[in-house]
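Thanks for coming. I will go through one model, starting from its packing.

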Amino acid sequence: WSYFAEHYHLRLVATYEPVEGQSPSLSDLGRLRDIVKQYGLRTFYTEPQKMSPTIVNLMQQEFGLKTRTLDPVGGRGDTGRYIDLMLLNMESLSNSV
């Protein structure tokens, strides 16, 4: 992802999980809300391997964000090849800008 993000001038400004696999505290969510406002963020990206309906609903209802999927792993029928996976991710990104 770092090469992909660097090539397309993408910048990660926040994550939902403060630490991989750790749910955010209320103060973490408050900081996330501040970041959403500060940067004028409009989209929250999730991974299909980690997608939670609860998180998606929170981002849409409480934070007012659209949600899109970026798949770092692939392996589904429509992303069997690496190039197909990257094209699907690019489509997700381009549809949300």
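Which residues make up the largest nonpolar core? First, the ground rules. This is a predicted model, where local features need pLDDT of at least 70, side-chain atom pairs count only at pLDDT 80 or more, and totals for chains, interfaces and linings use all residues. Residues are numbered from 1 along each chain as its sequence is written, and side-chain values use heavy atoms, with hydrogens and water left out.

The core has 9 residues: Tyr 16, Leu 29, Leu 32, Val 36, Phe 44, Ile 55, Met 59, Phe 63 and Leu 65. By nonpolar core I mean a set of buried Ala, Val, Leu, Ile, Met, Phe, Trp, Tyr and Cys residues joined through side-chain atoms within 4.5 Å, with buried being under 20% relative accessible area for a 1.4 Å probe, protein chains only. Helix 2 gives the most, with 3 residues. Helices here are DSSP runs of H or I, at least four residues, and strands are runs of E, at least two.

Apart from that core lies another, of 5 residues, including Phe 4, Leu 70, Met 86 and Leu 93.

Now Phe 44. Its bridge partner in strand 2 is Thr 67. Strand 1 (residues 43-46) pairs with strand 2 (residues 66-69) in the parallel sense, over 4 bridges; pairing takes at least two DSSP bridges. Counting contacts as heavy atoms within 4.5 Å, and leaving out residues up to four places away in sequence, Phe 44 touches Tyr 16, Ile 55, Met 59, Leu 65, Lys 66, Thr 67 and Arg 68.

Key: Buried means under 20% relative accessible area, exposed over 50%, partly exposed in between (1.4 Å probe, protein chains only).
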